[in-house]
Amino acid sequence: MIFVFGGRYSGKGEYVMREMNVSEIAGYDAEYDRLKTAQAVRDLHLLIKKIMLDGGDPMAHIQRLIADNPDIIIISDEIGYGVVPVNKFDREWREAVGRISCYLAEKAENVIRVVCGIGNKIK
Amino acid sequence: MLVLITGGSGSGKSEFAEKTAADFGGDMLYIATMKPQDAECVKRIERHRKMREGKGFRTVECYGSLSDVMQTADTVLLECVSNLTANLMFSPNGAYDTVSEIMRGMAHLLDRCGNLVVVTNEISSDGIEYDDGTEQYMKNIGAVNCKIAKMADAVYEVVYKTAVRLK
């Protein structure tokens with residue numbers, strides 16, 4: 001598994017397609033069966049939000065995904081560089097994205113941070 | 001040479017950009033893009049002007065299209081992509097396709113100087129969903145950043161006064 005993250009609109013998807021020989025990136029809202037076989041999935045932060053809104057456990061869901069698809073490239077927005085959100089759900093979501101990103105970074109073979117479309121391999 | 005410098009707010013991008021431009025040297029032109037619309041802007045402009053004082057830059061203001069800049073120089077310092085984008089998007093006679101307009105302006109500047117140093121910003125890592133206009137603004141800056149980075153000979157991210165070379 002490879003974890004790729006960076007600010008919104010920083011060119012992460014294009015980077016993954018160009019540099020990692022990926023022809024198609026699945027959306028976060030794709031069916032689970034599709035994610036199980038996908039080369040890459042985008043918007044992990046939104047997938048986490050969707051699972052939370054559905055009352056599910058996002059960490060368990062992501063753990064299951066990387067067990068079912070151990071070679072997947074997971075792409076996420078960096079969302080932790082701002083003021084603490086006023087709304088409770090947004091605080092919990094931001095925290096969950098941070099914790100799950102830490103987990104993925106620890107498990108990942110490579111971790112890549114994208115800035116201005118340039119990938120910087122930080123692990 | 002084309003150099004792109006990015007970083008968060010207050011990270012020391014300007015200082016590093018000035019130093020980068022001064023290292024290229026020669027006749028230096030500073031393109032200022034912040035409109036003095038209120039006291040806060042005037043204060044920021046003044047701080048930057050003081051910082052540049054005695055470093056040998058000529059200053060030209062550009063609140064619209066970069067293609068209107070007619071000066072030539074050995075080294076040009078353009079500061080910054082986020083103001084430039086805002087000026088083009090939110091002015092009454094703003095450019096229709098902001099990203100293409102900025103990239104045309106970049107080509108125009110590269111024709112007029114030997115070295116171009118461009119300062120941009122990292123503004124899209126707070127996880128907040130903004131209104132459509134702001135999202136489009138962020139999207140445009142992101143696209144311009146990627147395009148300039150692709151053309152650039154060097155790209156730096158400045159983190160608390162430490163310049164990290166990305167390319």
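The model is predicted, so local features need pLDDT of at least 70 and side-chain atom pairs pLDDT 80 or more, while totals for chains, interfaces and linings use all residues. Residues count from 1 along each chain as written, chains are lettered from A, and side-chain values use heavy atoms without hydrogens or water.

Start by selecting B:Met34, B:Arg44, B:His48, B:Cys80 and B:Asn83, the closest to the centre of the largest pocket among its 37 lining residues. A pocket is an open set of points on a 1 Å grid over the protein atoms alone, where a 1.4 Å probe fits, with protein on both sides within 12 Å along at least five of seven lines; lining residues have an atom within 4 Å of a point. This pocket holds about 790 Å³. Next select H2(B), which gives nine residues, the largest share of the lining.

Move to A:Tyr81, A:Arg113, B:Gly8, B:Glu122 and B:Glu157, the closest to the centre of the second largest pocket, which 21 residues line. Its volume is about 470 Å³.

Now show the aromatic rings: the whole structure has four aromatic pairs (centres within 6.5 Å). Select B:Phe16 and B:Tyr156, with centres 5.0 Å apart and planes at 70 degrees, so the pair is edge-to-face (over 60 degrees). B:Tyr156 is buried (under 20% relative accessible area), at 17%.

Finish at B:Tyr30 and B:Phe57, both buried.

Technical notes: Grid points are joined across faces, edges and corners, and a volume is the space filled by probe spheres set on the points. Helices (H or I, at least four residues) and strands (E, at least two) are DSSP runs, numbered from the N terminus. Rings of Phe, Tyr and Trp (its six-membered ring) pair if their centres lie within 6.5 Å; planes under 30 degrees apart count as stacked, over 60 as edge-to-face and the rest as tilted. Buried means under 20% relative accessible area, exposed over 50%, partly exposed in between (1.4 Å probe, protein chains only).
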